[in-house]
Amino acid sequence: MQCALHCGGKMKYRIDEKSGNRLSALGFGIMRLPKGVGGVGAIDMKKSERLIMKAIGEGVNYIDCAYLYAGSEAALGKILSANNARDKVYIATKLPITKCKKNEDFDRFFSEQLASLQTDHVDYYLMHNINDLIQWQGLKAIGIEKWIERKKSAGQIKQIGFSFHGTRAEFLKVIDDYDWDFCQIQYNYSDENYQAGVTGLRRAAQKHMPVIIMEPLLGGKLANGLPKRVEDTFKRVNPNLSPAAWGLRWLLNQPEVTVILSGMNGDDQLTDNLRTADSIEPRELTSAELTAYAEAVKIFRESYKIPCTGCGYCLPCPQGINIPGCFASHNASYAIGRVTGFVQYVTSTGANRVTASTASKCAACGKCARHCPQNIDIPNRMKDVARRMEPLYMKLVIKAIRKVV
Ligand code: SF4
Ligand code: SF4
């Protein structure tokens, strides 16, 4: 499709090998659709419609929402219906698994979602935020497999997958435990070993699963808020690329990446992202660019307080603590920003669940430390993590999140 935004390119597509669908390399994540003044209040429908329809006009054909992203499904349903555009996009949305306690809940949420989206089927349906195998097995115990089978045979769900925020080891168990059609992981250049990481990405690709990337720019922090030294490093190699473009190009360079979800709030972001998505095919980064990414990671690491490489040798922890996830979010809270670190902490420890295994649950048994090649004094560093990531006000925020999800 030819670009009408004058961004100089045309949308590139990657093949979903399981379905044969051609998916746009740039997808639209609508978790944070534009809102009223100051980014608060109800979704600004006019602005959202203009952005989404512009993106579709430029060839974006994958839109990701979720039951838990307040108002996102209803907004998308209205926009697609008003513009007669349902058949121009693949809709991805998610089952709020933490709210599913019994089999009937699956149908209850799914029917509500179809009604909000004003559609009779979901193209890409995900179990929202599986953190570990136990969580997936809990869903199996209340009949999720038969339910999926029924929905697929009825044509109401086309492709089934899951989004993931746990450890690499758990990711590998979850993808081997079911015949998934696709998955969604958090992945960006700032830490390629975070959560499922590059190992998870490649394993999924070996299984011919399309991989959808979320948080490619760490909630915008890799676009706005890069340390100056990182920005200068990039500028020295190519002053014409924005920090966001650097973030997306690192992902687009990898053939295992299928769709990159970006939450786009304005025309400038949309145009920049479209230009970037159009600008590169897999394995086209130059050696100067690859060196710049390595330098950027080195700069990030210098501000890390705990030298964890995310290898996972310390796992499993008898308390179920995601040790590398705790350390990565603690480090990100220094390198990138406190809010980003906290969001990572909540998602990777499952702090939003009552059964969460947060750093403060560490029993100081010392089992993990014996296996750490970095010789990290894990029990003591867990205390540091708990102090920084779980102060009283954070505990109150977590309590509030638990009520919503
Ligand atoms: S010391 Fe703490 S983090 Fe390490 S295995 Fe024991 S309980 Fe888990
Ligand atoms: S073994 Fe050490 S370096 Fe590896 S993930 Fe655990 S804490 Fe990090």
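This is a predicted model: local features need pLDDT of at least 70, side-chain atom pairs count only at pLDDT 80 or more; totals for chains, interfaces and linings use all residues.
Me: OK. How many helices and strands does the protein have?
Reply: There are 15 helices and 10 strands. Helices (H or I, at least four residues) and strands (E, at least two) are DSSP runs, numbered from the N terminus.

Me: And why is it called as compact as a globular protein of that length?
Reply: The radius of gyration is 21 Å, close to the 22 Å that the globule rule gives for 405 residues, so the protein is as compact as a globular protein of that length. That radius is taken over C-alpha atoms, and the rule is 2.2 Å times the number of residues to the power 0.38. Along its principal axes, the C-alpha trace spans about 60 × 55 × 45 Å.

Me: How much of the protein is buried?
Reply: Buried residues make up 46% of the 405. A residue is buried if 20 or more other C-beta atoms lie within 10 Å of its own, exposed if 12 or fewer, and partly exposed in between, with C-beta atoms placed from the backbone.

Me: How many residues are in contact between them?
Reply: 18 residues of domain 1 are in contact with 16 residues of domain 2. The side of domain 1 that touches domain 2 has three nonpolar, 12 polar and three charged residues. Two residues are in contact if their C-beta atoms, placed from the backbone, lie within 7 Å. For the classes, Ala, Val, Leu, Ile, Met, Phe, Trp, Tyr, Cys and Pro count as nonpolar, Asp, Glu, Lys and Arg as charged, and the others, Gly among them, as polar.

Me: New topic: which residues come nearest to ligand 1?
Reply: Cys 317, Cys 362, Cys 365, Cys 368 and Pro 379 come nearest, out of 15 residues around ligand 1. A residue is near a molecule or strand if its C-beta atom, placed from the backbone, lies within 6 Å of it. Helix α14 (residues 378-389) gives the largest share of the shell, three residues. By class, the shell has 12 nonpolar, two polar and one charged residues.

Me: And which come nearest to ligand 2?
Reply: For ligand 2, Cys 308, Cys 311, Cys 314, Pro 324 and Cys 372 come nearest, again out of 15 around it. Here the largest share, three residues, comes from helix α12 (residues 323-335). This shell has 10 nonpolar, five polar and no charged residues.

Me: Which residues of helix α7 are buried?
Reply: In α7 (residues 197-206), Gly 197, Gly 200, Leu 201 and Ala 204 are buried. Seen down the axis of α7, they fall within an arc of 100 degrees, so they line one face of the helix. The arc is that of the directions from the helix axis to the C-beta atoms. Their cover includes α6 (168-176), β8 (182-186) and β9 (211-214).

Me: What about Gln 195, buried or exposed?
Reply: Gln 195 counts as buried, with 26 C-beta neighbours inside 10 Å. Gln 195 is in the loop between β8 and α7. Its C-alpha atom is separated by 5.3 Å from that of Arg 168, 27 residues apart along the chain.

Me: Which residue takes a positive phi just after α2?
Reply: That's Asn 84, with a phi of about 50 degrees. Most residues other than glycine have a negative phi, and most peptide bonds are trans. Asn 84 has 8 C-beta neighbours inside 10 Å and counts as exposed.

Me: Where is there a cis peptide bond?
Reply: One joins Leu 315 and Pro 316, with omega about 0 degrees. Pro 316 is in the loop between α11 (287-302) and α12.

Conventions: Residues are numbered from 1 along each chain as its sequence is written. Chains are lettered from A and ligands numbered from 1 in the order in which they are written.
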